Amino acid sequence: MTFTPESKLLDVGCKDELLLQLLTKMEKENNSKVFESYLGYDLDENAIRAAACRNSDKRGSFQVADATKTFPLGDGAFDIVFCLGTLPLLDFEVFEDTLDRLCSHAIKHLLFNILHFERRSFHKEICLKRR
């Protein structure tokens, strides 16, 4: 997976905006732009408010949103969708629909982690190729 200066990123379950902080740090260290825009979604209204206050990068924005509901965005709105630490919290009944919804928003990649039923942690990356 590669980032480009034009990458549009969605971070579902962003909580403390750690991903945005890591990306901006990476840019400073490499002296190069790695994304165009970042949108952080989380259920926690207080976390979103705090993240918006802490954020100094004008390319970053935050919204209160529920990953199990329909997002107010069109399909293919983002190059990369991150959902780290969020999917394991979902009930199995809504897991598949939520995963499908997240896939529809990603043009290139959906990165997520899930906890296996036997409590073994594993990570997956789905490459989505659309023409």
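**Figure 1. The nonpolar cores of the predicted model.** The largest nonpolar core holds 17 residues, and those with the most contacts inside it are Leu 10, Val 12, Val 81, Leu 87, Leu 102 and Leu 110. Two or more residues of this core come from each of strand S1 (8-12), S2, strand S4 (78-83), helix H3 (92-105) and strand S5 (106-115), with H3 giving the largest share, four residues. A second, separate core of 14 residues includes Tyr 38, Ile 48, Ile 80 and Phe 82. Here a nonpolar core is a set of buried Ala, Val, Leu, Ile, Met, Phe, Trp, Tyr and Cys residues joined through side-chain atoms within 4.5 Å, where buried stands for under 20% relative accessible area, exposed for over 50% and partly exposed for values in between (1.4 Å probe, protein chains only). Because this is a predicted model, local features need pLDDT of at least 70 and side-chain atom pairs count only at pLDDT 80 or more, whereas totals for chains, interfaces and linings use all residues. Residues are numbered from 1 along each chain as its sequence is written, and side-chain values use heavy atoms, with hydrogens and water left out.

**Figure 2. The whole chain and its confidence.** The protein chain has three helices and six strands, which follow one another from the N terminus as β-α-β-α-β-β-α-β-β; helices (H or I, at least four residues) and strands (E, at least two) are DSSP runs, numbered from the N terminus. Of its 131 residues, 41% count as buried, and its accessible surface comes to about 8,000 Å², of which 52% belongs to carbon and sulfur atoms (Shrake-Rupley method, 1.4 Å probe). Among contacts (heavy atoms within 4.5 Å) between residues at least 6 apart in sequence, 64% join residues at least 24 apart. The pLDDT, the predictor's confidence in each residue from 0 to 100, averages 79 over the protein chain, and 83% of the residues score at least 70. Over residues 116-131 the pLDDT is below 50, although this stretch has 33 contacts in the model beyond near neighbours in sequence. Where pLDDT is low, the predicted coordinates should not be read in detail.

Figure 3. Arg 54 belongs to helix H2 and counts as partly exposed at 47% relative accessibility. Its side chain is joined to that of Glu 17 by a polar contact of 2.8 Å, a term that stands for a pair of N or O atoms within 3.5 Å, of which, within protein, one must be able to donate a hydrogen and the other to accept it, while residues adjacent in sequence count only if both atoms are side-chain atoms. Leaving aside neighbours within four places in sequence, Arg 54 is in contact with Lys 15, Asp 16 and Glu 17. Asp 16 is found in the loop between S1 and helix H1 (18-30) and is partly exposed, with a relative accessible area of 42%; the C-alpha atoms of Arg 54 and Asp 16 are separated by 9.4 Å, although the two residues are 38 apart along the chain. Asn 55, in the loop between helix H2 (45-54) and strand S3 (60-64), counts as buried at 17% relative accessibility, and a polar atom of its side chain lies 2.9 Å from the backbone oxygen of Asp 57.

Figure 4. Glu 27 is in helix H1 and is buried, with a relative accessible area of 10%. A polar contact of 2.5 Å joins the side chains of Glu 27 and Arg 59. Asn 31, placed in the loop between H1 and S2, counts as exposed at 73% relative accessibility, and its phi is near 50°, a positive value in a residue other than glycine.
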